[in-house]
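Thanks for passing this one along.

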Amino acid sequence: MSHPEQVRQRIIELEVEHRDLDVVINTLTMDPAHDELQLRRLKKRKLQLKDHITLLKMQLTPDVPA
């Protein structure tokens, strides 16, 4: 498997985890007795995933001269 293919595969894995976290966060938010600390941690993890996905996508995009 070439490097770009590995990066694309990793992006897909991270996007799946990101979507899963979205569902968990939405479900947790619906519960009036939800744990605020857990919710903050999940949201932080979701942001980290988004940043990581963005960085990986930048690796796949060739630099365009200005």
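1. Let me begin where helix 2 begins. A side-chain oxygen of D35 comes to within 3.1 Å of the backbone nitrogen of L37 at the start of this helix. Please keep in mind throughout that the model is predicted.

2. Next, the length of helix 2. With 25 residues at 1.5 Å a residue, helix 2 should span 36 Å, and the 37 Å between its end C-alpha atoms agrees with that. Helix 1 passes the same kind of check: its 28 residues should span 40 Å, and its end C-alpha atoms lie 41 Å apart, which agrees.

3. What else is there besides these helices? The secondary structure of the protein chain amounts to two helices and zero strands. The radius of gyration is 16 Å, well over the 11 Å that the globule rule gives for 66 residues, so the chain is more spread out than a compact globule. Along its principal axes, the C-alpha trace spans about 50 × 30 × 15 Å.

4. Now to burial. Of the 66 residues in the protein chain, 20% count as buried. In helix 1 the buried residues are V7, I11, L14, H18, L21, I25 and L28, and what covers them includes helix 2. In helix 2, L39, L42, K46, L49, I53 and L56 are buried, and their cover includes helix 1. As a reminder when reading these lists, an α-helix has 3.6 residues a turn, so residues three or four places apart point the same way.

5. Leaving aside neighbours within four places in sequence, I25 is in contact with L39, L42, K43 and K46. Of these, K43 is 18 residues from I25 in sequence, while the two C-alpha atoms are 7.3 Å apart in space.

6. E15 and I53 are 38 residues apart in sequence, and their C-alpha atoms are 7.4 Å apart.

7. On to the charged pairs. Side chains of opposite charge can pair when their charged atoms come close. How many salt bridges does the structure hold? There are four salt bridges, and I comment on some of them here. One joins the side chains of K57 and E15, at 3.3 Å from N to O. This pair links distant parts of the chain, with K57 in helix 2 (residues 36-60) and E15 in helix 1 (residues 3-30), 42 residues apart. K57 is partly exposed, at a relative accessible area of 40%.

8. Another salt bridge brings together the side chains of E17 and R45, at 3.0 Å from N to O. E17 lies in helix 1 and R45 in helix 2, so the pair ties together parts that are 28 residues apart in sequence. Both partners count as partly exposed: E17 has a relative accessibility of 29%, and R45 has a relative accessible area of 33%.

9. K46 forms a salt bridge with D22, and their closest N and O atoms are 2.6 Å apart. Here again distant parts of the chain are linked, since K46 is in helix 2 and D22 in helix 1, 24 residues apart.

10. Finally, two values for the whole chain. Among contacts in the protein chain with a separation of 6 or more, residues 24 or more positions apart account for 69%. The protein chain exposes about 5,400 Å², and carbon and sulfur atoms supply 58% of that area.

Notes
Residues are numbered from 1 along each chain as its sequence is written. This is a predicted model: local features need pLDDT of at least 70, side-chain atom pairs count only at pLDDT 80 or more; totals for chains, interfaces and linings use all residues. Side-chain values use heavy atoms; hydrogens and water are left out. Helices (H or I, at least four residues) and strands (E, at least two) are DSSP runs, numbered from the N terminus. Buried means under 20% relative accessible area, exposed over 50%, partly exposed in between (1.4 Å probe, protein chains only). The expected span of a helix is 1.5 Å times one less than its number of residues. Contact means heavy atoms within 4.5 Å. A polar contact is a pair of N or O atoms within 3.5 Å; within protein, one must be able to donate a hydrogen and the other to accept it, and residues adjacent in sequence count only if both atoms are side-chain atoms. The radius of gyration is taken over C-alpha atoms; the globule rule is 2.2 Å times the number of residues to the power 0.38. Accessible areas come from the Shrake-Rupley method with a 1.4 Å probe; for residues, only the protein chains shown count as cover.
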